[in-house]
Amino acid sequence: MNDLTYTNSMMNEIREILQSARQRVAIQVNTELLSTYWNIGKIIVEHEQGNQERADYGKQTLKQISKELTKEFGKGFSVSNLQFMRWFYQCYQIQQTVSVKLSWSHYCELLTISDADKRSFYEKETVNSGWSVRELKRQISTSLYERLLLSEGKANKETVLSLAEKGIEMATPLDIIKWNFLMLKEISFLSLPVLQFV
């Protein structure tokens with residue numbers, strides 16, 4: 001083995017270690033961020049709102065909290081971000097139901113959906129399909145959930161609601177074929193252009 005081959009081999013091993021470490025750090029940071037924002041939302045709901053869905057004085061309280069937190073900890077604590085933290089806790093009151101596979105930006109997008117089944121559908125599909133925030137926004141804006149509900153009537157409605165609860169469960173090859181068939185029918189039903197995979 002010559003020096004160049006030896007160096008390249010060594011560099012590849014080092015790269016793998018560094019990339020793996022970066023990925024683990026990113027996952028840990030995301031996990032802590034979601035946990036922190038969930039707990040802030042919980043405190044706001046429990047202490048400032050007395051566990052009510054909305055406090056009469058909530059807006060003023062959030063302004064004050066925002067001002068104090070921004071002064072002490074810097075950016076990221078605007079009134080709107082604090083409102084998202086409050087909604088985050090209200091929508092996911094059991095912290096273990098929060099998926100660390102999604103970022104805070106994903107959750108901010110999901111929290112704009114008031115219907116719990118619809119939100120759950122998009123959440124599960126984002127996790128299962130690895131959608132970026134941009135792709136999640138696109139799927140919401142093109143009304144994927146509603147289109148799937150409409151495409152096959154009552155039987156399909158039950159399938160979509162099941163997806164909202166559990167996500168896609170691909171236990172057998174037949175499950176994969178069924179899902180792909182459903183998606184192909186959905187695409188042809190809407191006369192959408194052919195999907196391009198990059």
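This is a predicted model: local features need pLDDT of at least 70, side-chain atom pairs count only at pLDDT 80 or more; totals for chains, interfaces and linings use all residues.
## The buried side of H7

Let's start with helix H7, where Leu-144, Tyr-145, Arg-147, Leu-148 and Ser-151 are buried. Viewed along the axis of H7, these buried residues fall within an arc of 165°, so they line one face of the helix.

## How H5 meets H7

Helix H5 covers residues 116-129 and helix H7 covers residues 144-151; their axes come within 10 Å and cross at roughly 105°. Angles of 65 to 115 degrees count as roughly perpendicular, and H5 and H7 are therefore roughly perpendicular to each other.

On the H5 side, the contact is made by Asp-117, Lys-118, Phe-121 and Tyr-122, while H7 brings Leu-144, Tyr-145, Glu-146 and Leu-148.

## The largest nonpolar core

The largest nonpolar core has 30 residues, and those touching the most other members are Phe-88, Tyr-92, Trp-104, Tyr-107, Leu-110 and Tyr-122. Two or more residues each come from helix H1 (3-48), helix H3 (79-91), helix H4 (104-110), H5, helix H6 (133-141) and H7. H1 gives the largest share, six residues.

Leu-110 is worth a look of its own. Beyond its neighbours within four places in sequence, Leu-110 is in contact with Tyr-92, Leu-102, Arg-119, Tyr-122, Glu-123 and Leu-136.

Definitions and conventions:
Residues are numbered from 1 along each chain as its sequence is written. Side-chain values use heavy atoms; hydrogens and water are left out. Axes are lines fitted to C-alpha atoms, for helices over the stretch in contact, and angles run from 0 to 180 degrees between N-to-C directions. Helices (H or I, at least four residues) and strands (E, at least two) are DSSP runs, numbered from the N terminus. Angles under 35 degrees count as roughly parallel, over 145 as roughly antiparallel, 65 to 115 as roughly perpendicular and the rest as oblique. Contact means heavy atoms within 4.5 Å. Buried means under 20% relative accessible area, exposed over 50%, partly exposed in between (1.4 Å probe, protein chains only). The arc is that of the directions from the helix axis to the C-beta atoms. A nonpolar core is a set of buried Ala, Val, Leu, Ile, Met, Phe, Trp, Tyr and Cys residues joined through side-chain atoms within 4.5 Å.
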